[in-house]
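Good morning, and thank you for coming. Please look at the sequence and the structure on the screen while I speak.

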Amino acid sequence: MEETRVALLGVVVENPDSVEELNALLHEYKDYIIGRMGIPYRERKVNIISIVLDAPADAISALSGKAGMLPGVSCKAVYSRLPNE
């Protein structure tokens, strides 16, 4: 079995036109997603999304990179230091 990491993706969406494409991207990685929480910040016209993953490091990096390349979307990954069981 491939080694996986637990990670948190922080996503800030400033362009509502990118939401559909972002959701399609997240659907591609659905098998790795443990949970997600979205917070609409209407006063600033942005949406903040936290996504928790348990995935191979290359999948986390790929998702983070693809999401961050969408117009008006910023994405950063934070990796846990948890050892594999």
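Where is the place of Ser-18? Ser-18 sits in the loop between β1 and α1. Before I continue, please note that this is a predicted model, in which local features need pLDDT of at least 70 and side-chain atom pairs count only at pLDDT 80 or more, while totals for chains, interfaces and linings use all residues. Residues are numbered from 1 along each chain as its sequence is written, and side-chain values use heavy atoms, with hydrogens and water left out. As for the element names, helices (H or I, at least four residues) and strands (E, at least two) are DSSP runs, numbered from the N terminus.

Not counting residues up to four places away in sequence, Ser-18 touches Leu-70, Pro-71 and Val-73, where contact means heavy atoms within 4.5 Å. Pro-16 is found in the loop between β1 and α1, yet Pro-16 is exposed, at 60% relative accessible area. Its C-alpha lies 8.1 Å from that of Gly-72, although 56 residues separate Pro-16 and Gly-72 in sequence.

Next, the helices. Val-19 belongs to helix α1 and is partly exposed, because its relative accessibility is 32%.

How do we describe a packed pair? Two packed helices are described by the angle between their axes and the distance between the axes. Here α1 (residues 19-28) and α2 (residues 57-68) pack at about 170°, with axes 10 Å apart. The axes are lines fitted to C-alpha atoms over the stretch in contact, and angles run from 0 to 180 degrees between N-to-C directions. The two helices are therefore roughly antiparallel, a term for angles over 145 degrees. Leu-22, Leu-25, Leu-26 and Glu-28 of α1 make the contact with Leu-63, Lys-66 and Ala-67 of α2.

Finally, I turn to Lys-45. Which loop holds Lys-45? Lys-45 is in the loop between β2 (33-41) and β3 (46-55). Its phi is near 60°, a positive value in a residue other than glycine. Lys-45 has a relative accessible area of 70% and so counts as exposed.

Definitions and conventions:
Buried means under 20% relative accessible area, exposed over 50%, partly exposed in between (1.4 Å probe, protein chains only). Angles under 35 degrees count as roughly parallel, over 145 as roughly antiparallel, 65 to 115 as roughly perpendicular and the rest as oblique.
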